[in-house]
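Trainee: I have a chain to look at. Can we go through it step by step?

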Amino acid sequence: MTCAEMGGPCDTAITADTQDEMMSKGMAHMEEVHPEMAADIKAMPHDDPKMVEWNQKFQADWASKPEDAPEEDAAPMTAPEEAHEEEEMAS
Ligand SMILES: [Zn+2]
């Protein structure tokens with residue numbers, strides 16, 4: 001997806017294997033290139049109607065991308081990322 005497709009102001013292409021990854025990469029791009037927008041988004045509560053609407057659009061856009069649709073459970077080629085586990089907290 002591009003930054004513009006995610007509601008951003010530029011056409012930088014952002015690629016990811018999963019919706020979550022897309023989301024975090026998009027956010028990282030925002031923070032790097034459009035820090036003011038990133039701040040706005042962060043300041044918005046998740047249940048804000050704008051955020052809900054954005055989320056629905058994002059998910060619809062994501063689902064409409066045939067090349068990245070690893071949603072199905074039967075996807076043996078995609079190994080789960082081990083780094084996804086919670087980082088150990090010093091206890
Ligand atoms: Zn951008």
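Predicted model: local features only at pLDDT ≥ 70, side-chain atom pairs only at ≥ 80, totals over all residues.

The questions below go from the whole chain down to single residues.

Trainee: Which pattern does the protein chain follow along the sequence?

Mentor: The chain has three helices and zero strands. Read along the sequence, that gives α-α-α.

Trainee: Which helix has the highest mean pLDDT among the elements?

Mentor: Helix H3, residues 49-63, has the lowest mean, at 93. The highest mean is 95. That value belongs to H1.

Trainee: How many charged residues are in the contact of H1 with H2?

Mentor: From H1 come Met 27, Met 30 and Glu 31. They meet Pro 35, Met 37, Ala 38 and Ile 41 in H2. By class, six residues are nonpolar, none is polar, and the number charged is one.

Trainee: How many residues of H3 are buried?

Mentor: H3 has 15 residues. From first C-alpha to last it reaches 21 Å, close to the 21 Å expected. H3 lies largely in the open, because its number of buried residues is zero.

Trainee: Is Trp 54 buried, exposed or partly exposed?

Mentor: Trp 54 is found in helix H3. Buried needs 20 or more C-beta neighbours within 10 Å, and exposed needs 12 or fewer. Trp 54 has 15 inside 10 Å, so it counts as partly exposed.

Trainee: Is Met 1 buried or exposed?

Mentor: Met 1 is found in the segment before H1. Of the 91 residues of the chain, 7% count as buried. Met 1 has 20 C-beta neighbours inside 10 Å, so it counts as buried.

Trainee: What separates the C-alpha atoms of Met 1 and Lys 65?

Mentor: Leaving aside neighbours within four places in sequence, Met 1 is in contact with Met 6, Ile 14, Met 22, Asp 61 and Lys 65. Met 1 and Lys 65 are 64 residues apart along the chain. Their C-alpha atoms are separated by 8.2 Å.

Technical notes: Residues numbered from 1 in each chain as written. Contact = placed C-beta atoms within 7 Å. Helix = DSSP H or I, 4+ residues; strand = E, 2+ residues; numbered from the N terminus. Nonpolar A, V, L, I, M, F, W, Y, C, P; charged D, E, K, R; others polar. pLDDT = per-residue confidence, 0-100. Expected span 1.5 Å × (residues − 1).
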